[in-house]
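Here is a short report for a reader new to this structure. Start with the view below, then read on.

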Amino acid sequence: MYKSILAVSEGGPDAEMSFRLAANIAVLFDGAVDAVHFSEHLPHDADIASQSMPFLKRLSDERLKARLEESHRQFRTLLEPIREATFTGDEPMTREALVHRGRFANLVVIGRPGADEENISPETVKAAIYESARPVAIAPPNLARGPISSVVLAWNGSAQAARAVGAALPFLRKARTVTVLVADAAPEEIGTPFLMRTLERHGIAATVDAVTFGTLTGRGRGRALLARTMDKGADLLVMGAYGHGELSNFLGLGGATAKVVTSCPVPLLLAH
């Protein structure tokens, strides 16, 4: 159950995305939200350049101040009315401190990376997914109103997918329909019958949808997964986060995962 939710904002469009989804989840599970304003850029970052061009420091400081004010504004609008809501971030925070905070939450919520060319930093997303040891929910720019009644689980039998299913159980119990999506594999070969049995024991009636993506590239598979998710009318997509955190591609994630993370039009629940 999601009783303690950490919502992260860098102060751009992700502030509303993250805080709105966190608020919805808190209401759904009678939970509390701890909002954090975090920036990969610190006030002293422009100090060297400012020695020759002082106006750069002024512009940098004004930008950072404006982003903090946006996080404050969205907190007051979306989260402050929620019981036990807190805000942290008036003082600069390191990425290590953010990760440390995440480990005490049941869920970390962040806005979709790529929605703002200055935000949200891939490093922040990587830290949340790979280092917080908690499930991460990615909020879309245009969050639909209403309950999460239809969920799609992307299942391939991996450890990451298993962790994602475990993290999603609170949502699955409340959903009206749950679809287990299996791609390019016979469901029996990747343990799908055991998954279905476990879900049934939790009172979750799910159906299996086996699809073939064939020779699509990683990003092509990501697009196909999103299309199937939308065909199902899903309000939430659940999947494992794959990759090892290197910068060999965006976020250090596999091509399909990176495509889904940056394009999913509904909330995305990830576990690594």
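## Nonpolar cores

The largest nonpolar core has 50 residues, and Leu-153, Leu-199 and Leu-269 touch the most other members. A nonpolar core is a set of buried Ala, Val, Leu, Ile, Met, Phe, Trp, Tyr and Cys residues joined through side-chain atoms within 4.5 Å. Another core lies apart from it, with 33 residues, including Val-8, Val-36, Ala-154 and Leu-181. In soluble globular proteins, nonpolar side chains tend to be buried together.

This is a predicted model, where local features need pLDDT of at least 70, side-chain atom pairs count only at pLDDT 80 or more, and totals for chains, interfaces and linings use all residues. Residues are numbered from 1 along each chain as its sequence is written, and side-chain values use heavy atoms, with hydrogens and water left out.

## Overall make-up

The protein has nine helices and ten strands. These are DSSP runs numbered from the N terminus: helices are H or I with at least four residues, strands are E with at least two. Of its 272 residues, 52% count as buried. Buried means under 20% relative accessible area, exposed over 50%, and partly exposed in between (1.4 Å probe, protein chains only).

Take the contacts in the protein with a separation of 6 or more: residues 24 or more positions apart account for 78% of them. Contact means heavy atoms within 4.5 Å.

## Helices α1 and α6

Helix α1 (residues 14–29) packs with helix α6 (residues 159–174) at an angle of about 65°, and their axes are 12 Å apart. Axes are lines fitted to C-alpha atoms, for helices over the stretch in contact, and angles run from 0 to 180 degrees between N-to-C directions. The two helices, α1 and α6, are therefore roughly perpendicular to each other; that label covers 65 to 115 degrees, while angles under 35 count as roughly parallel, over 145 as roughly antiparallel and the rest as oblique.

From α1, Ile-25, Leu-28 and Phe-29 make the contact; from α6, Pro-170, Phe-171 and Lys-174 do.

## Two residues

Is Thr-229 buried or exposed? Thr-229 sits in helix α8 (residues 218–231). Thr-229 is buried, with a relative accessible area of 0%. Beyond neighbours within four places in sequence, Thr-229 contacts Val-152, Ala-234, Leu-237 and Val-266.

Asn-106 lies in the loop between α4 (95–102) and β4 (107–111). Asn-106 is partly exposed, at 30% relative accessible area. Leaving aside neighbours within four places in sequence, Asn-106 contacts Met-1, Tyr-2, Lys-3, Ser-4, Arg-134 and Pro-135.
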